[in-house]
Amino acid sequence: MTTAKSPQAGQSQPHGFDEIHILWISEGMSCDGDTVAVTAAAQPAIEDVVTGLVPGLPTVHLHNKVLSPTVGGEEFLAPFRAAARGELTPFILVIEGSIPNEKINGDGYWTSFGNHPNTGEPLTLNWWIDNLAPKAWAVVAAGTCATYGGIHAMAGNPTGCMGLADYLGSDFRSTGGLPIVNVPGCPVQPDNFMETLTWVLYHAAGSAPPPPLDEMLRPQWLFGKTVHEGCDRAGYYEQGDFAKDYNSPKCQVKIGCWGPVVNCNVPKRGWMGGIGGCPNVGGICIACTMPGFPDKFMPFMDMPPGGSLSSAIVKPYGAFIRRMRGITNSTANTEPRWRHNREELTSGYNPRWRP
Ligand code: SF4
Ligand code: SF4
């Protein structure tokens, strides 16, 4: 365990680390689905990062309860407690799950992670964020609950929960000078998370610039395009050919797909090993990566409001184009007439140029 004195809040730390810890707390309001999803990553696999098989990365000490070799309890909590005391650095803080508002917890608490060693009272997630985030070299939010609040933060919730940037402020900067790095998804797409984490680790090693983020603190290269732009079914949309039920291979916009207005690369990337990817395999896009998820996209299986207008506009164009393409397609499926076995050459060959 590295035991250098931790920096004060806001004090910057250099890059070029040989060794770094990842303190991953999944005790936000969540289902632990992001941790489970990340075990499926292959670009790179988390086990390859931890075992040093990815060239150029610092030695990574991962502290995640599902992937921990410890038996749990105080042995697992030790690095978190050390970091909170300022005795472990540098570290990347990963938060999974939305952050409840402990100012409105009544006589109890919403969610906790270990107990106070002296009082035995539960230590809330908020306590850990308050004590770890100002010392963290980088702070990463895994999944839509941690990034924007997600399902637990929908209208009518009693916990007042929120995303990490709502809690820390969107102008938060880690000791490494980075804003919060948001990787949304419900759950997070495994390779999206590991690719982003790997970029942060290369930056920690001093061999890459900071990851470029958009205004919602998402990696630009992963969330810069819409689901629709990468969807296998987009050709059906363009031809105005829409599914009427979930057994159809056609475009699903009329049965609830929000893909045209959702930032997500899953149809391009697939889910595991390039396979899957919501609309590609028959699942409507419910916009699980979006800051407005889920409230702005419910009820999930109704046609999006813009879908009826856009599909009505594209339908006459698409029907005409589809018919024209059908004619061209049948022509393209016919061999040229000079390919025959008669005793005459009809290919149009002209030997007049010969002397
Ligand atoms: S299924 Fe959804 S993402 Fe795919 S083409 Fe249709 S509207 Fe676009
Ligand atoms: S395609 Fe839609 S539902 Fe699927 S992961 Fe992306 S945002 Fe979520």
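## Helix H7, an enclosed helix

In helix H7, the buried residues are Pro 190, Asp 191, Asn 192, Phe 193, Met 194, Thr 196, Leu 197, Thr 198, Val 200, Leu 201, His 203 and Ala 204. Keep in mind as you explore that this is a predicted model. Because twelve of the 16 residues of H7 are buried, the helix is largely enclosed by the rest of the structure. The length of H7 also agrees with expectation: at 1.5 Å a residue it should span 22 Å, and its end C-alpha atoms are 22 Å apart. Just after H7 comes Gly 206, which takes a positive phi of about 90 degrees.

Let us pick one residue from this helix. Thr 198 lies in H7, which runs over residues 190–205. Thr 198 counts as buried because 23 other C-beta atoms lie within 10 Å, and the cut-off for buried is 20 or more. Leaving out residues up to four places away in sequence, Thr 198 touches Pro 44, Val 49 and Val 54. Gly 270 is 72 residues from Thr 198 along the chain, and their C-alpha atoms are separated by 19 Å.

## Helix H11, out in the open

Now for a contrasting helix. H11 covers residues 305–332, and of its 28 residues the number buried is one, so H11 lies largely in the open. From its first C-alpha to its last, H11 reaches 39 Å, close to the 40 Å expected at 1.5 Å a residue.

Where does H11 bend? The bend is at Lys 315 and amounts to about 35 degrees, with a proline, Pro 316, following within four residues.

## What the UniProt record marks

An unreviewed UniProt entry places the feature "domain: NADH:ubiquinone oxidoreductase-like 20kDa subunit" at residues 31–198. In the model, this span is 30% helix and 15% strand, and its end C-alpha atoms lie 24 Å apart.

The unreviewed UniProt entry also has a "binding site" annotation, which covers Cys 31, Cys 145 and Cys 186. These residues are spread over 156 residues of sequence, yet they cluster in space, with a largest C-alpha distance of 9.9 Å.

## Two of the cysteines up close

Are Cys 31 and Cys 145 buried or partly exposed? Cys 31 counts as partly exposed because it has 17 C-beta neighbours inside 10 Å. Its place is in the loop between strand S1 (19–25) and helix H1 (33–38).

Cys 145, by contrast, is buried, with 33 other C-beta atoms within 10 Å. Cys 145 lies in helix H5, residues 143–148. Setting aside neighbours within four places in sequence, Cys 145 is in contact with Gly 28, Met 29, Ser 30, Gly 97, Ser 98, Gly 150, Ile 151 and His 152.

## Around the ligands

Ligand 1 is surrounded by 14 residues, of which the closest are His 228, Cys 231, Cys 251, Cys 257 and Gly 259. Sorted by class, the shell around ligand 1 has ten nonpolar, three polar and one charged residues.

## A proline in a loop

Our last stop is Pro 249, in the loop between helix H9 (234–238) and helix H10 (266–269). Pro 249 counts as exposed because it has 11 C-beta neighbours inside 10 Å. Between Pro 249 and Tyr 236 there are 8.8 Å in space, C-alpha to C-alpha, and the two are 13 residues apart in sequence.

Terms used. Residues are numbered from 1 along each chain as its sequence is written. Chains are lettered from A and ligands numbered from 1 in the order in which they are written. This is a predicted model: local features need pLDDT of at least 70, side-chain atom pairs count only at pLDDT 80 or more; totals for chains, interfaces and linings use all residues. The expected span of a helix is 1.5 Å times one less than its number of residues. The bend at a residue is the angle between axes fitted to the seven residues ending there and the seven starting there. UniProt positions are given in the numbering used here, feature names are shortened, and annotations may be inferred rather than shown by experiment. Two residues are in contact if their C-beta atoms, placed from the backbone, lie within 7 Å. A residue is near a molecule or strand if its C-beta atom, placed from the backbone, lies within 6 Å of it. Ala, Val, Leu, Ile, Met, Phe, Trp, Tyr, Cys and Pro count as nonpolar, Asp, Glu, Lys and Arg as charged, and the others, Gly among them, as polar.
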